[in-house]
Amino acid sequence: PKVKLPEGDKVYLPALIEEAFGVSRAQARRDLKDGAIRVDGVKLGEAIETARGTLTGKVLQRGKRSFAQLSE
């Protein structure tokens with residue numbers, strides 16, 4: 001599925017993961033901490049926020065089989 005990035009310079013990752021994959025924000029934070037979230041195959045680590053420009057047009061992945069295309 002395609003997910004529209006929120007407005008602003010910074011993106012709160014747990015909220016984006018919640019919207020993209022239908023999980024709670026608490027689960028999204030656990031996934032970030034466990035290294036289960038990737039952007040174009042690169043682990044995000046434990047970051048809670050990131051710049052909007054680094055996500056535009058990329059693929060967000062949760063685990064092995066869940067993907068979402070990020071768009072403006």
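The radius of gyration used here is taken over C-alpha atoms, and the globule rule is 2.2 Å times the number of residues to the power 0.38. With 72 residues, a compact globule would have a radius of gyration near 11 Å; the protein chain has 11 Å, so it agrees with the rule. The model is predicted: local features need pLDDT of at least 70, side-chain atom pairs count only at pLDDT 80 or more, and totals for chains, interfaces and linings use all residues. Numbering starts from 1 along each chain as its sequence is written, and side-chain values use heavy atoms, with hydrogens and water left out.

**Overall layout**

The C-alpha trace spans about 25 × 20 × 20 Å along the principal axes of the protein chain. The chain holds 2 helices and 7 strands. Their order along the sequence is β-β-α-α-β-β-β-β-β. Helices (H or I, at least four residues) and strands (E, at least two) are DSSP runs, numbered from the N terminus.

Buried residues make up 32% of the 72 residues. Buried means under 20% relative accessible area, exposed means over 50%, and partly exposed lies in between (1.4 Å probe, protein chains only). Of the contacts with a separation of 6 or more, 51% join residues 24 or more positions apart. A contact means heavy atoms within 4.5 Å.

The protein chain exposes about 4300 Å², and carbon and sulfur atoms supply 47% of it. Accessible areas come from the Shrake-Rupley method with a 1.4 Å probe; for residues, only the protein chains shown count as cover. There are 14 positive and 10 negative charges, with mean positions 6 Å apart. Lys and Arg count as positive, Asp and Glu as negative; His and the chain ends are not counted. Each charge is placed at NZ of Lys, CZ of Arg, CG of Asp or CD of Glu.

Helix 1 covers residues 13-21, and its buried residues are Leu 13, Pro 14, Leu 16, Ile 17, Ala 20 and Phe 21. They cover an arc of only 160 degrees around the axis, so they lie on the same side of helix 1. The arc is that of the directions from the helix axis to the C-beta atoms. Just after helix 1 comes Gly 22, with a positive phi of about 70 degrees.

Helix 2 runs over residues 25-34, where Ala 28, Asp 31 and Leu 32 are buried. Their arc is only 100 degrees around the axis, which puts them on the same side of helix 2. These buried residues pack against helix 1, strand 3 and strand 6. On the other side of helix 2, Lys 33 and Asp 34 are exposed. Gly 35 follows helix 2 and has a positive phi, near 80 degrees.

**Partly exposed residues**

| Residue | Relative accessible area |
|---|---|
| Asp 40 | 45% |
| Arg 30 | 43% |
| Gly 63 | 32% |

Asp 40 sits in the loop between strand 3 (37-39) and strand 4 (42-43). Asp 40 is not a glycine, yet its phi is positive, about 50 degrees.

Arg 30 belongs to helix 2. Its C-alpha atom is separated by 8.9 Å from that of Glu 46, 16 residues apart along the chain.

Gly 63 lies in the loop between strand 6 (59-62) and strand 7 (66-71). Gly 63 and Gly 35 are 28 residues apart in sequence and 8.8 Å apart in space, C-alpha to C-alpha.
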